[in-house]
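Here is a briefing on one protein chain. Look over the sequence and the fold, then read the points below.

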Amino acid sequence: MIGGAIGSLFAAFSGIGATAYGVTGIPGYLTINRPLVYTILLAISGGVGFVLTNILYKEDPEKEDPEGKELDSLDEQSAAAPSIPDATVFTTEKGTVTAPVAGTVIAASKIPDPMFAQETMGPSIGIEPTDGVVYAPFDGTVLMVFPTNHAVGLRSDSGMEVLIHVGVDTVNMNGDGFESFVKQDDVVKKGQKLLTFDRKKIKEAGHPDTVIVALTNGAEFQNITKAA
């Protein structure tokens, strides 16, 4: 539009005219009375439009191909293809608990924290995460969210209580790299986003990013099956 306006001003001052009504551009040569001046007019209009477009036009970052740029963190890489996990990690007579994060399930004995490895908090499993999002493993209620946002406790509608703890010794990070999207007493649905965590920051702080899931009221159940 700006290029066309500047071209029109040039046309007005140069006294260019036409012998009939019609379109501009190349077909305009059929009616224009000064072809050389008209050529200059088109060059001005097109040139201004071309230059201003290159200066002012910016790509929408949300529409850029994530594969076409280097990602600065593990969380950004996983955000390119988010997936809500659906694997079952606990089965009891009152229902199931699905994995709250995407990743590889490991046995409690392999969790790099003695307390959770010995299942002090109840039957436990670990997950080596592939992204940095924690989802609700069932429909239920938020019992508590740690002030540092690295852990959350939940109770299912059927009575199962779980603690989801992100990383080992990550309480020492004082919340850096963690964000909560729920608060105590919130009602949540299975698959709802609860927390996010920056895996890169956890690694830089020297902590394992293993996500621990503990069935804290496991003593109330007769039959418990774990994924690992």
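Met-144 counts as partly exposed because its relative accessibility is 27% (buried means under 20% relative accessible area, exposed over 50%, partly exposed in between, with a 1.4 Å probe and protein chains only). The model is predicted: local features need pLDDT of at least 70, side-chain atom pairs count only at pLDDT 80 or more, and totals for chains, interfaces and linings use all residues. Residues are numbered from 1 along each chain as its sequence is written, and side-chain values use heavy atoms, with hydrogens and water left out.

**Around Met-144**
- Met-144 sits in strand β6, residues 140-145 (helices, H or I of at least four residues, and strands, E of at least two, are DSSP runs numbered from the N terminus).
- Leaving aside neighbours within four places in sequence, Met-144 contacts Val-152, Gly-153, Leu-163 and Gln-184 (contact means heavy atoms within 4.5 Å).
- Arg-155 is 11 residues from Met-144 in sequence, and their C-alpha atoms are 9.8 Å apart.

**Nonpolar cores**
- The largest nonpolar core holds 29 residues (a core is a set of buried Ala, Val, Leu, Ile, Met, Phe, Trp, Tyr and Cys residues joined through side-chain atoms within 4.5 Å).
- Two or more residues of this core come from each of β1, β4 (124-129), β7 (151-156), β8 (161-166), β11 (193-197) and β12 (211-215).
- Apart from it lies another core of seven residues, among them Ala-108, Ala-151, Leu-163 and Ile-212.
- Val-134, Leu-154, Ile-164, Val-166, Leu-194 and Phe-197 have the most contacts inside the largest core.
- Beyond four places in sequence, Val-134 touches residues including Pro-100, Val-101, Ile-164 and Phe-197.

**The β1-β2 hairpin**
- Strands β1 (residues 88-92) and β2 (residues 95-98) pair antiparallel over four bridges (pairing requires that DSSP finds at least two bridges between two strands).
- Two residues separate β1 and β2 in this hairpin.
- Thr-92 stands opposite Gly-95 of β2.

**Surface**
- Phe-50, Val-51, Ile-55 and Leu-56 make a nonpolar surface patch of about 440 Å².
- Ile-55 belongs to helix α2, residues 35-56.
- Ile-55 counts as exposed because its relative accessibility is 53%.

**Whole chain**
- The chain has five helices and 13 strands.
- Of its 228 residues, 38% are buried.
- Among contacts between residues at least 6 apart in sequence, 65% join residues at least 24 apart.

Key: Patches are made of residues with over 30% relative accessible area and no salt bridge: like charges are joined within 9 Å, nonpolar side chains (Val, Leu, Ile, Met, Phe, Trp, Tyr) within 5 Å. Accessible areas come from the Shrake-Rupley method with a 1.4 Å probe; for residues, only the protein chains shown count as cover. A salt bridge is a side-chain nitrogen of Lys or Arg within 4 Å of a carboxyl oxygen of Asp or Glu.
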